[in-house]
Amino acid sequence: MNQDSYLLEARDLTKLYGIVQALDSASFTVGSGITGLLGPNGAGKSTAIRIFLGLTDATSGSALVMGADARHPDARTRLGYMPEHDCLPPNQSAANFLTHMAEVSGIPPSRSRALAADTLRHVGLFEERYRPIGGYSTGMKQRVKLAQALVHDPVLILLDEPTAGLDPTGRTEMLNLIRRIAREFGISVVLSTHLMQDVERTCDNIVLLDMGRVKESSDVKSLTEETELIYVEVANNRDRFTAELSDRNIVHTSEGIAISIPDVDGAKFDAIRDALVASEARLVRMGPRQRALIDLFRTN
Amino acid sequence: MTTDQNIERTGTVFDIGYQTYEGEREGRSRAWQTIFWDGVKNGMGIGRGGWAKILPWLVVSPAILTGLVFAAIAAFFEQLGLEVDTGEGTEVVDLPSHDDLIGVIGFLLLIFAAFVGPELICPDRRNRVIHLYFVRPITLLDYLGARWLALIVLLLAASLLPHITLWVGLLIGVSDSLGHIQDNWTDIPRFVGNSAVFAVFAASFTFAVSSLTDRRMIATLIVISVIMISSFTGLIVNLFNPPDSVSNPMALVNLIDINTSIIPSIFFGTYNENFDLNIIFPIAWIVLLTAVSIFATWRFYSRQR
């Protein structure tokens, strides 16, 4: 991707809160599509988002939003943000609230009401739009939060833990909606989450943060394809089988009832077959498995 | 009559899908205006419950009523003649004026600010809607400035209404309206100036207090308490220190006195002719205003970051 087409760009971003280092020379870029900003709690995800939104300044380094300095208010004109925490006025209707937020984003009043109604239709709240938000369910409130991020037709939206507090059905619906936003609406998405399944199910690209550093930045597909493992499950003589593998210098690890063997090629397949025969272990299952993103944390 | 079966259904529902917005984006100026008008509407209770609509008028109505009563008294004495026999000669009746009204509505105006000011600031922070403002193309100063100006406009309106009532009442009450205007035209800049001074101070002061808490009622109670304590202390100081000995710095504890003294002492020199420290009130006002404004901005800024 060409440098000018990056939607977000972090250059050696460092953020210190007193003696706590939230970000440590983090450099990464975000292009179009859905990008997962993944990492455990305290990895620096929220700090990075706050810097891109101009809510806090980096201690050093720079953050660019569509090529503009993130500290400048105009950089946020085509940016949307859905926070994790509750941030809705309970006494207002969703329609009025979104109309107001559209105007605060610079949309003329003559168009704001129509945009608000359209956006609420897209997130599935059209029928409920005149009810006070205080009476909404958690799932509906999440949708209003998403709608306010979309109401001014942004180029990019930043979603902070959008599935937090949702039941499995609500979570699936929210992830489907996020996919729709990217695929049908053409709005790029940054999905900040610590739930790897959400990233695996939704994202095209991933930026993995840990302890304020960028651990991995790539597309999800290549990460999961490049790390192919062979899983072997035996019914008996498991210890003898692993000993035979070790005798043949085959690196392996136990994962539950299975034994995983990385980087398998033709010679290794032969060696595994020989080990099975020598150990007289009865083979239950053997086959390749795509590594999950969680393996990134285990192996790196 | 046509039955349902005879109707040929030709309509089709089209989902036009997501429509990108290609129109104008008005940026910060639109955001600023929106936050300002939202503040004005909130302050007047528009779009809120019945109590929120009534409350501002509960405070403003006594001020307007006072203006009406003053106008009625003036008209009554105008009918009787402006000179009364005291037994030792005749004495000119001192008709109720705008200066008298300023003292009365000053107190009510601060109470009005105590109720309306926190309403413009606290709920946004309490509901955390404020975070959604600052991820849009505005700054903290845009937000505070728009809300501050909205409160000033409301306070100005609340302050000018009683004065206009009195002005019109006096015009109707006197026999020579044109002569009254010629003789008393300086009343207009005086009460407009005083109202502006009060509005700017009350707005800044209530914002500073509101920056301390997310709860409206707590902010309101703090503002009212400060006004009460300051007025009561000022009253006691005045009892023991006649106006011509106001060189006692304790005279500055009364917030209402500080505000009511500025316009007369700066522009008309009539607040206290014997008081050669007239200038101390404008200085105290500016210092107080600067202090509360900086404090409010710093509080909001530090909490936001």
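These legends describe close-up views of a predicted model. Residues are numbered from 1 along each chain as its sequence is written, and chains are lettered from A, with ligands numbered from 1, in the order in which they are written. Local features need pLDDT of at least 70, side-chain atom pairs count only at pLDDT 80 or more, and totals for chains, interfaces and linings use all residues, while side-chain values use heavy atoms, without hydrogens or water.

**View 1. The interface of chain A and chain B.**
The two chains bury about 3300 Å² between them. Carbon and sulfur atoms hold 56% of that area. Buried area is the accessible area (1.4 Å probe) that two parts lose on being put together, summed over both. On the side of chain A that touches chain B, strand 6 (79-82), helix 2 (94-104), helix 3 (109-122) and helix 4 give two or more residues each. Helices (H or I, at least four residues) and strands (E, at least two) are DSSP runs, numbered from the N terminus. The contact (heavy atoms within 4.5 Å) takes 41 residues from chain A and 30 residues from chain B.

**View 2. Polar links across the interface.**
Between chain A and chain B, 13 residue pairs are in polar contact, with both residues at pLDDT 80 or more. A polar contact is a pair of N or O atoms within 3.5 Å; within protein, one must be able to donate a hydrogen and the other to accept it, and residues adjacent in sequence count only if both atoms are side-chain atoms. The count of salt bridges between the chains is 0. A salt bridge needs a side-chain nitrogen of Lys or Arg within 4 Å of a carboxyl oxygen of Asp or Glu.

**View 3. Two loop residues of chain A with positive phi.**
A:Asp153 has a phi near 50° and is not a glycine. A:Asp153 sits in the loop between helix 4 (138-150) and strand 7 (156-160). Its relative accessible area is 4%, so A:Asp153 is buried (under 20%; exposed is over 50%, partly exposed in between; 1.4 Å probe, protein chains only). A:Glu280, also not a glycine, has a positive phi of about 55°. The loop of A:Glu280 runs between helix 9 (266-279) and strand 14 (283-290). A:Glu280 is exposed, at 55% relative accessibility.

**View 4. Aromatic pairs in chain B.**
The whole structure holds 8 aromatic pairs over all chains. Rings of Phe, Tyr and Trp (its six-membered ring) pair if their centres lie within 6.5 Å; planes under 30 degrees apart are stacked, over 60 edge-to-face, and the rest tilted. B:Phe201 and B:Phe205 are stacked, because their centres are 5.9 Å apart and their planes meet at 10°. They are 4 residues apart in helix 7 (residues 187-210), about one helical turn. Both B:Phe201 and B:Phe205 are buried. B:Phe295 and B:Trp298 form a tilted pair, 6.1 Å centre to centre with 45° between the planes. These two are 3 residues apart in helix 10 (residues 280-304) of chain B. B:Phe295 is partly exposed, at 31%.

**View 5. The surroundings of B:Ala113.**
B:Ala113 belongs to helix 3 (residues 98-126) of chain B. The residue is buried, with a relative accessible area of 0%. Beyond neighbours within four places in sequence, B:Ala113 is in contact with B:Pro118, B:Leu155, B:Ala202 and B:Thr206. B:Pro56 lies 57 residues away along the chain, yet the C-alpha atoms of B:Pro56 and B:Ala113 are separated by 9.2 Å.
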